[in-house]
Amino acid sequence: MVKYLAELGKLEFTDEELVKASEDMTSIIELMDTVKEIDVTYDPILDNKNVYLNDLRADETAESLETAKILQNAKNQQNCFVVPKVVE
Amino acid sequence: MEIKGLKLRELRQALDKKQVSVKEVTEKYLKRIKELDEDLECYITVTEDKALKQADAAQKKIDSGNAGALTGIPMAIKDNICTEGVLTTCSSKMLEDFVPPYNATVMDKLENEGIVMLGKVSLDEFAMGGSTQTSAFKKTKNPYDKSRVPGGSSGGSASAVAADLCLAALGSDTGGSIRQPSSFCGVTGLKPTYSRVSRYGLVAFASSLDQIGPIARDSHDCALILNHICGFDPHDGTSSKKEVVDFTAKIGKDIKGVKIALPKEFYDKGIDDEVRDSVLKAAEVYKSMGAILVECSMPSLKYATAAYYLISSAEACSNLSRYDGIKYGHRSNIGSSYEELIKNSRREGFGDEVKRRILLGNYALSSGYYDAYYGKAMALKQLIRKEYNDIFAVCDAVLTPTAPTTAYRCDENISDPVKMYQADICTVTVNIAGLPAVSTPCGYDGKGLPIGMSVIGKPFDEQTVVQIADVFEQGFKRIPPVL
């Protein structure tokens, strides 16, 4: 199970780490299981009542960050983000 | 002039009366950081040059009669708040060398006010934790006892305020991360109503719960800072358009007839006797001032920790999917394919607790488990909100302990995630319900460690929360740490 969850999260564990992570997850899930004790149903209409979503702005070109600033934290960039080859 | 221990408004007066210059204040704080921070480990980055430049600019503002409430005030900023051109690590190897190309909205606001930023302070990695011991860089200590944790995740902020390594600080609170460290370090922290303060530029942990807020010497100072960091922001899709009021407006008004709720579950077993007694004594102080104490119940509290961890981890695993080693953050040298590169970058960049949250979040959201866990947690969120609404239908505020214990030893709890999670029981409902709350000291235990109480208010009623906390603070003698 932990291996599957790790795959979903794009994480990798050594065999030793996997044992520890599985132990931790077992006790964490036991704590999470307390939510099963109560019979209560989610009502989507009630939710987000207090959240004020902004009006969307007009779909117009607006000033944004310069390319150089966007790329400044990329470890591998040649005026664009460089990724390993994905197409043969 | 001696500036050590001054409150924000006292320093404001001293600066305006020219009893001290901003440069002198800044240099004294920088000197104190050099002397004490090696042991306390609050600061990840000290921005000395920037601070001195800001001090000059602030002095000019004061000299020209244009000073605002925060002009020249030395502050520390939690290292998950983006500061343009200044390292913002989130206490994670993943962002070890990340220099934001933009400011968080709160930083633009504070810089416009003319604050002096002394530096960036430590936190639990990605704000996930309650001890600041999951930081990849500075495992901050408690100034009252350096063998103990400062709480977390805003442990660097709270410890720095308590040790007078800054006059005030910004923290962030997803499940108690402003209030619990404030409690452990004997200072005051204000978690605003969700959406009051823009989250733009706050590195996302759980977006429906995250909120930035101040940590300072008392509630009045917190309210003064809140006055200048909140307000509508088009960059934050959940930012409130609610009118910004003066959060100090009700300070000094008496609390006769104010109804304060004491939900019995917050005072149950699991709360240390000394903590419970201290908060109940504070309740009696309120009663002696004319407040009406109302005993009530919040039955959903026993499910709150699980609901909080399911919701916050589900959001965290989604938010943290952006760290792929490509655009910014740690990029592994190992991996010839895109998939391998991402996995290796995340394996090397994230610490154990962050990985646990990603696993838990994926578990809560995965097919076959979604309804039983995430769906149930969302239903519990509604139930918790309803129970608060019921209480607020008859009461003005709720009084609870901020944490079940005082600060624990640095080697305790860290290896037991369940124990760590359960310690959040007193704070998580406030985030789930999106409410404002202040934690302020109300006593000290037998070891001399601070005990904090939380005053929780109705949505957007920070004024009352500050009023109630302040009236107690006026008669409470704080004992500063000996350093």
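Start with the largest nonpolar core, which has 159 residues. A nonpolar core here is a set of buried Ala, Val, Leu, Ile, Met, Phe, Trp, Tyr and Cys residues joined through C-beta atoms within 7 Å. Buried means 20 or more other C-beta atoms within 10 Å of a residue's own, with C-beta atoms placed from the backbone. Select B:M75, B:L118, B:C166, B:A168, B:A169, B:A307 and B:L310, the residues with the most contacts inside this core. Then colour helix α9 of chain B, residues 301-319: the largest share of the core, 12 residues, comes from there. Helices are DSSP runs of H or I with at least four residues, strands are runs of E with at least two, and both are numbered from the N terminus.

A word on what is loaded: this is a predicted model, in which local features need pLDDT of at least 70, side-chain atom pairs count only at pLDDT 80 or more, and totals for chains, interfaces and linings use all residues. Residues are numbered from 1 along each chain as its sequence is written, while chains are lettered from A and ligands numbered from 1 in the order in which they are written.

Zoom in on B:M75. Leaving aside neighbours within four places in sequence, its contacts include B:L110, B:I115, B:L118, B:C166 and B:A169. Contact means C-beta atoms, placed from the backbone, within 7 Å.

Next, show strands β2 (74-78) and β3 (116-121) of chain B. They pair in the parallel sense over five bridges; pairing takes at least two DSSP bridges. Pick B:K78 and find its bridge partner in β3(B), B:V121.

Widen the view to the sheet. It is open and mixed, with 11 strands in the order β1-β3-β2-β4-β6-β5-β10-β11-β9-β7-β8 of chain B. At the edges, β1 (43-46) and β8 (292-296) of chain B each have a single partner strand, so one side of each lacks a neighbour in the sheet.

Now select chain A. It has three helices and zero strands. Its radius of gyration, taken over C-alpha atoms, is 23 Å; a compact globule of 88 residues would have one near 12 Å, by the rule of 2.2 Å times the number of residues to the power 0.38. Of its 88 residues, 10% count as buried.

Finish where the chains meet. The contact takes 54 residues from chain B and 43 residues from chain A. On the chain B side, select α12 (371-394), one of the elements giving two or more residues. The largest share of that side, 10 residues, comes from α12(B).

Conventions
A residue is buried if 20 or more other C-beta atoms lie within 10 Å of its own, exposed if 12 or fewer, and partly exposed in between; C-beta atoms are placed from the backbone. Two residues are in contact if their C-beta atoms, placed from the backbone, lie within 7 Å.
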